[in-house]
Each structure stands twice: as C-alpha cells, then as structure tokens.
Amino acid sequence: MDKINQLLCEVMTPGAPEGNRLVKAVFADKRKKSQEHKKVTLRPVTIKGEYMYQAEFHFDKKVTHQNIPYYEVIDFANELMAKSFKQVNLLTETQDIQILASKPEKPRITRRDAVHKAGSLEHNRQKQYIIDDGKPVDFLIELGVMSPEGKVHQKHYSKFRQINRFLEIAEDSFEYLPKEGTLRIIDFGCGKSYLTFALYYYLKLVRNRNVEIIGLDLKQDVIEFCNSVAKKLGYDELKFLTGDIADYESDGADMVVTLHACDTATDYALINAVGWNSRVILSVPCCQHEMFSQIHEPVHDPMFKHGIIKDKFNELLTDSLRGLKLEACGYSVNMIEFTTLEHTAKNIMIKAVKTAGGKRQPDAAGKLIKTPAMKKASEEYEALKKFYGVSPTIDKLEI
C-alpha cells in the first residue's frame with residue numbers, strides 16, 4: 001500500500017503542485033460481490049468556503065453522497081482500495097493515472113495525458129463537458145453544431161448539451177462492456193445520428209477502442225447522408241443501414257442504443273438486445289400509444305377522463321413494464337433523466353446492464369435457473385399487467 005498511499009498524497013493534498021491536482025477519482029472493480037456500492041467517485045469541492053472532498057457512492061438503485069474533510073481524505077481513499085475496490089482512476093489536471101491493485105502491496109500504475117479539463121472547485125460550478133465548447137470536433141462541425149473554429153452555434157446548444165449528457169451516461173456504462181477486443185454497438189432508429197457519431201468519436205478517437213457501430217433507420221435519405229459524413233470523416237467502422245427494427249437480424253451487439261424509437265419499435269429493440277445478451281442497453285422510449293386503449297381500471301376513470309393525464313399515465317405504465325421485463329431477464333435497470341431533445345419532452349431513459357448477478361446458471365438438467373430477483377420482477381410484471389388488463393408488445397420477450 002505504500003506506493004498507493006504515496007500517489008494519493010501527491011494528488012490529493014491541498015498543496016499539490018499546479019497541474020498535478022486531483023480533478024476526480026473513480027474507484028471501481030469490487031473486491032467482494034456482497035458489497036452493495038459498485039463504484040465511488042471522489043471530487044475536491046469548496047462548500048460555503050470550506051475545502052473538502054465529496055464522495056459519491058453508486059448503488060444499483062440509488063446514489064448517495066458524503067462530504068469528507070480534506071485532512072481525512074487520504075485515509076478514506078486508502079481504506080477504499082484496501083477493503084472495497086481493486087482499481088482507481090485518478091484524473092488530474094494534466095494526467096489520467098490508473099492504479100490496478102488486486103494485490104495492494106504490488107499495484108500496477110499507468111499514466112497518460114489527461115482527456116478532460118479541470119473544473120472549478122465551487123460546488124455549484126459551471127458544467128464541465130466531455131466535449132468542450134471552443135475545441136473543434138470534426139463530426140459536430142459536419143453536422144452543423146459547431147463552427148470550424150469549435151464554437152457551438154447558439155441555436156444548437158441544447159443539442160450540444162444532449163450529446164454530452166448522453167456521453168456521460170454511456171461512460172458510466174462502459175465498465176460493463178468487454179475490456180479488450182472490438183466493441184460492437186447498434187443504434188436503432190438513429191435518425192440524423194448525432195449520438196451515434198458521438199459514440200464513435202469518443203470510443204475510437206478519445207478512448208482508443210476498436211469499435212464497430214451500426215446505425216439503423218427507415219429513412220433512406222437520412223441514411224445516405226450519415227454514410228456520406230462517416231466516409232468524409234474517415235469513420236471507417238461506422239456504418240448506416242436502412243431497415244426496420246422489428247425485422248433486423250445480426251450476430252449481436254455488446255451495447256444497444258435506441259433513442260426515441262416510436263411506440264413498439266422500442267420494444268423490438270429491447271427484444272433484440274436481450275436476445276443477443278447485450279451487456280448494456282440505453283433506451284429513451286417515445287410515443288407510447290400501444291396500451292392507451294387497453295388500460296381498464298374503473299377506479300382510475302376520474303383521472304382518465306382527461307386525455308393528457310391518461311397519456312402520461314400510459315407512458316409511465318409502458319416503461320415500468322419494460323423495466324420489469326428486463327429485470328426478469330437478468331438486467332439491472334435504472335430509470336434516469338435524460339436531457340430533452342429539440343422537439344420533444346420525452347426524457348426518461350431506461351438504462352439496463354447485464355451484471356454478473358444477472359447471469360443465469362443451468363441446473364442439473366441444463367435448464368437455466370432464475371435468480372430470486374428475476375423471479376420477483378417476473379411476478380411483479382405479471383401482476384401489474386393483469387391489474388390493468390394490458391398486453392404489451394414487450395410480452396414477446398421470452399424469459
């Protein structure tokens with residue numbers, strides 16, 4: 001632990017040299033499966049004029065925070081490494097430092113130039129983005145979001161924020177993807193593909209990962225445009241195809257993205273993803289109309305006489321059933337807020353990851369066994385479906 005302690009002291013003490021100061025630390029790779037929090041992030045902040053560190057504990061269903069005095073943070077970080085995690089990434093102003101410590105007494109330490117810029121320590125500080133305003137990014141220039149000088153056009157700033165929000169969510173999911181080899185990603189209903197290009201740019205050009213990304217959409221003219229942009233930029237492993245989500249066939253994908261695929265198209269994207277045993281699913285549903293005429297529960301009639309109320313309720317019920325179905329298939333599911341698109345207020349994202357606890361094991365007869373959590377989700381799904389008398393398309397997903 002001496003090497004780890006020495007490195008922590010170098011970047012976490014208030015008097016650390018300029019350029020060497022910590023921006024963020026990310027502790028991951030649990031030592032014990034029984035440990036409830038799966039990741040901890042640590043940031044220096046000033047709150048009401050006091051310099052300290054804020055720890056963010058990530059659980060399956062929630063995130064909690066703890067403020068730590070600066071003079072206790074080294075001990076706190078050392079304890080996390082000794083008892084809870086095998087890996088920490090220290091992001092400083094000029095370097096990204098990774099410590100792999102399966103054996104704390106013999107850590108493996110690697111360094112590279114920093115990817116992110118350092119931010120202010122103020123707790124309510126200006127937002128720091130993965131892609132910066134002011135730095136030219138080729139795909140954003142081609143898609144009209146940025147000027148050639150790297151300045152985001154004012155009318156496209158909401159799109160710029162959305163792209164960064166998506167990359168933040170995706171980045172938190174990368175720990176569940178294969179660490180080596182080529183990552184295979186499919187974006188269903190990709191449209192003009194701002195986010196598809198963003199994924200390729202970030203994974204291939206920033207993270208130096210080998211990727212194969214496919215965007216699928218029904219609009220031939222949009223697909224031709226996206227392919228021409230990808231060719232112009234030299235994004236050789238990014239392809240766009242014309243096709244229907246429900247009929248699409250593939251060998252599979254590590255990650256499936258479906259943002260604002262209309263109505264049951266979302267269900268077919270989820271069905272495909274589960275069939276491929278995809279590790280990560282990021283889905284923002286849209287236009288959940290299927291069960292509007294199916295819902296029947298007299299006690300709700302005073303609510304449902306207002307069409308707008310029934311429509312919003314229908315959206316929540318549809319996505320709740322989708323989430324339960326994914327949990328019944330062995331995924332850990334979170335419903336999180338996603339930034340709004342330019343022309344819609346649909347901003348609930350279904351984030352599903354296939355964790356080690358979600359892997360089904362065969363019994364003596366070779367039949368896959370459901371975990372207690374999967375059984376519970378399946379029972380809750382059936383009860384909710386029966387209560388409202390609905391038959392959603394996601395029912396086609398076999399478990």
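**Exercise 1.** At roughly what angle do the axes of helix H4 and helix H5 cross?

*Solution.* First, know your model: this is a predicted one, where local features need pLDDT of at least 70, side-chain atom pairs count only at pLDDT 80 or more, and totals for chains, interfaces and linings use all residues. Residues are numbered from 1 along each chain as its sequence is written, and side-chain values use heavy atoms, with hydrogens and water left out.

Next, find H4 at residues 157-173 and H5 at residues 194-206. Helices here are DSSP runs of H or I with at least four residues, numbered from the N terminus. Their axes, lines fitted to C-alpha atoms over the stretch in contact, come within 10 Å and cross at roughly 50 degrees. Therefore H4 is oblique to H5: angles under 35 degrees count as roughly parallel, over 145 as roughly antiparallel, 65 to 115 as roughly perpendicular and the rest as oblique.

**Exercise 2.** Which residues of H4 and H5 make the contact?

*Solution.* Contact means heavy atoms within 4.5 Å. From H4, look for Lys159, Gln162, Ile163, Phe166, Leu167, Ala170 and Glu171. From H5, pick out Tyr194, Leu195, Ala198, Leu199 and Tyr202.

**Exercise 3.** Is Leu199 buried or exposed?

*Solution.* Start by locating Leu199 in helix H5. Then apply the cut-offs: buried means under 20% relative accessible area, exposed over 50%, partly exposed in between, with a 1.4 Å probe and protein chains only. Leu199 has 3% relative accessibility, so Leu199 counts as buried. Finally, check its neighbours: leaving aside residues up to four places away in sequence, Leu199 touches several residues, including Phe166, Leu167 and Ala170.

Technical notes: Axes are lines fitted to C-alpha atoms, for helices over the stretch in contact, and angles run from 0 to 180 degrees between N-to-C directions. Helices (H or I, at least four residues) and strands (E, at least two) are DSSP runs, numbered from the N terminus.
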